[in-house]
Amino acid sequence: MAPVATAESNAAATNGTSNGPVKAAKASAQQLYNPFYSPTVSGEGDDSDYQYAKYKPHWPDVKWEPLGDIAVTDRGQFADPEKKSLLSAAAKVQHLTPAIGTELSGIDLRQLTDQQKDELALLIAERGVVFFRDQELNIHEQLELARHFGPLHKHATTPVPREPGLEEVHVVYNDGSRRPDPSAFSKLELWHSDVSYEQQPPSATSLKVITSPPYGGDTLWSSGYALYSSFSAGFQKYLEGLSAVHSAVAQADGARAAGHTVRREPVETVHPVVRVHPVTGWKSIYVNPGFTRRIVGLPKAESDAILSLLFHQISENPDFQVRFHWEPNSIAIWDNRIVTHSATFDFWPHVRHALRATPHGERPLSVEAYEKQTGKTAKDRQLEIWERQGLPLPQTDTTVSRGYTD
């Protein structure tokens, strides 16, 4: 976990028990900026000439009740499996990698019919993330589209727009006022699935960039389907029996250390390490460096080793990933149940400003729970695709070493 300034650590640095170099080092540590756990404090300067000033970050001093059960209906289950209405309306359909990512050109998201929205939900469930460019929809229209996929989540710690009535919007904002310090975090630690600690974490989540740097500031997504498919059958089976703790505590500590109100008390929730998407029926690894803390019931050394393997595969294996370069009015919609993502913080001192809408999904279902509830068999995405294509399945018992280099 990346270091976070907390009230306790601030007190320890000033209680007189440290002096000289040690005290200086502790004081310096409190100034480290981790862009994941530490809320941005930028955006407070003169913005009279900035057209999106009303969407700059604001932290309301309010308190919300804990989240209860939320009724969710996955719209992808109502879609035409061929997605003819949606795909026929696109000027171009471009799959960006075999495992993840599709870009649709010539679509105006404001004009989608309900049928096309359902088909979009299914496409996102299958491809992990879908990209659109040159989208003129405003934040209210973005929220309306997101509500088609589920009731909207309100974040407990991150900023909302200054404009009143937009508490369901998550603001992403960075400018030149504070440079990310690489001594505060590693790039691996920035990979996450949004608010995975909630009892009903998000489904089809949208982000629209309204101001982008001239270069840099890309986002990468990694497929949980592909990660699951990459493992041996025995290891897959082992992972299917595990559950892990996802925690909001570090994010809440970061907000309090920055002087912001934690609007809803942090929670820790246990989710299956392998979850099944309710529409595709495909198995996906569901852990992430940002919020997953430990695997339940395992010795710490074993839990740490497994999570380290999964985290490094998420962040380092390019076969599972897609990378998107933002332009103003670009939108990505991804399924937080089956992908993790991370931004590149390489654009300082330029401005990067985006707005996110985040629908709740269902409670994550383990393979056992999914099969018991539905009477269906959960599947490996890659194997099912190969079967559909009439391709031979890989041998699971072989001593032949195969490799590829470029």
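Mentor: The model is predicted. Its protein chain has eleven helices and 17 strands. Of the 406 residues, 55% are buried. Taking contacts between residues at least 6 apart in sequence, 83% join residues at least 24 apart. The accessible surface is about 18,700 Å², and carbon and sulfur atoms account for 51% of that.

Helix 11 covers residues 381-388, and its buried residues are Arg381, Glu384 and Ile385. These three lie on the same side of helix 11, because the arc they cover around the axis is only 100 degrees. As background, an α-helix has 3.6 residues a turn, so residues three or four places apart point the same way. The cover over the buried residues of helix 11 includes helix 4 (114-127) and helix 6 (224-229).

Now the two ends. At the start of helix 11, Asp380 places a side-chain oxygen within 3.0 Å of the backbone nitrogen of Gln382. After helix 11 comes Gly390, with a positive phi near 70 degrees.

For the loop, take Gly361, which sits between strand 17 (352-357) and helix 10 (367-374). Gly361 counts as buried because its relative accessibility is 0%. Leaving out residues up to four places away in sequence, Gly361 touches Val72, Gln200, Pro201, Pro202 and Ser203. Ala71 is 290 residues from Gly361 in sequence, yet their C-alpha atoms are 8.9 Å apart in space.

Definitions and conventions: Residues are numbered from 1 along each chain as its sequence is written. This is a predicted model: local features need pLDDT of at least 70, side-chain atom pairs count only at pLDDT 80 or more; totals for chains, interfaces and linings use all residues. Side-chain values use heavy atoms; hydrogens and water are left out. Buried means under 20% relative accessible area, exposed over 50%, partly exposed in between (1.4 Å probe, protein chains only). Helices (H or I, at least four residues) and strands (E, at least two) are DSSP runs, numbered from the N terminus. The arc is that of the directions from the helix axis to the C-beta atoms. Contact means heavy atoms within 4.5 Å. A polar contact is a pair of N or O atoms within 3.5 Å; within protein, one must be able to donate a hydrogen and the other to accept it, and residues adjacent in sequence count only if both atoms are side-chain atoms. Accessible areas come from the Shrake-Rupley method with a 1.4 Å probe; for residues, only the protein chains shown count as cover.
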